[in-house]
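Subject: Structure handover

Hello,

Here is the structure you are taking over. Please open it before reading the notes under it.

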Amino acid sequence: MKLFSIIIYKFNPEQAFEVSKHMELGSFSFFERGTIKEHIRFHSRLIASRTPVGKRQSIAFENNLGMCHAYTHPCGLTACVLSDAEYPMRVAFTLISELLRVFQEKFAGQWEDASADMESLQFPEGDDFLKKFQNPAEADKLTKVQKDLDEVKDVVMQSIEDLLKRGETLDALMQKSQDLSTTSYQFYKTAKKNNQCCKLY
């Protein structure tokens with residue numbers, strides 16, 4: 001069970017704006033990390049922009065490669081947590097709830113007017129959350145003690161294809177995306193063409 005990333009966005013249904021990102025890609029080779037980072041950012045942004053305000057959803061990637069758990073808080077922040085397929089959903093949403101609470105307390109009034117990705121907000125607590133929640137059993141023990149533990153209910157389970165709008169294809173969105181380089185897109189096409197189950201997420 002492994003967490004790969006936590007990314008916080010200002011919600012926008014057209015294109016969410018990244019306000020904080022934290023990744024742990026040490027399990028991948030150095031040469032794979034750039035491509036994987038781009039795919040994580042692409043999928044997280046797509047899912048963040050398609051998660052309605054007040055909703056939680058867990059999106060399964062093709063070939064059981066992993067999950068993206070997302071929640072859009074009523075304040076307008078969306079958090080996306082990418083994990084492998086075995087990571088417990090309840091623990092992922094507990095992480096999201098705690099993370100958004102801490103982020104809002106620290107940066108109230110600093111992200112609300114964002115109209116593009118923000119690099120200026122320093123949020124080392126995001127890295128701490130990523131480390132703390134790497135072991136879901138330990139993180140679960142810590143969260144059970146807390147009184148304000150949110151129960152995960154009304155989580156929509158979908159595949160990445162279910163998230164696409166009518167007439168959209170993942171290939172077309174990837175071609176338009178600024179998060180993916182040509183190399184990363186070609187990597188995806190080749191892997192899909194060869195039907196290889198490469199562990200990206």
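This is a predicted model: local features need pLDDT of at least 70, side-chain atom pairs count only at pLDDT 80 or more; totals for chains, interfaces and linings use all residues.

Residues are numbered from 1 along each chain as its sequence is written, and side-chain values use heavy atoms, with hydrogens and water left out.

Strands. Helices (H or I, at least four residues) and strands (E, at least two) are DSSP runs, numbered from the N terminus. Two strands pair if DSSP finds at least two bridges between them. Strand β1 (residues 3-10) and β2 run antiparallel and are joined by six bridges, with a hairpin of six residues connecting them. Ser5 has Met23 in β2 as its bridge partner. In β2 (residues 17-23), six of the seven residues are buried (buried is under 20% relative accessible area, exposed over 50%, partly exposed in between, with a 1.4 Å probe and protein chains only). Strand β3 (residues 56-60) pairs with strand β4 (residues 67-72), also antiparallel, over five bridges. Ser58 is opposite His69 in β4.

Aromatic rings. Rings of Phe, Tyr and Trp (its six-membered ring) pair if their centres lie within 6.5 Å; planes under 30 degrees apart are stacked, over 60 edge-to-face, and the rest tilted. The structure holds six aromatic pairs. One of them is Phe4 with Phe28, tilted, at 5.5 Å centre to centre and 45° between the planes. Phe4 is in strand β1 and Phe28 in the loop between β2 and α1 (30-49), 24 residues apart. Both Phe4 and Phe28 are buried. The Phe30 and Phe31 rings have centres 5.5 Å apart and planes at 80°, so this pair is edge-to-face. Phe30 is exposed at 61% relative accessible area, and Phe31 is exposed at 74%.

Phe123. This residue is in the loop between α2 (89-107) and α3 (124-132).

Cysteines. A disulfide is a pair of cysteine sulfur atoms within 2.5 Å, and the count by this rule is zero. The closest cysteine sulfur to that of Cys80 is in Cys68, 4.2 Å away and so too far for a bond. Cys80 is buried at 0% relative accessibility, and Cys75 is partly exposed at 30%.

Regards
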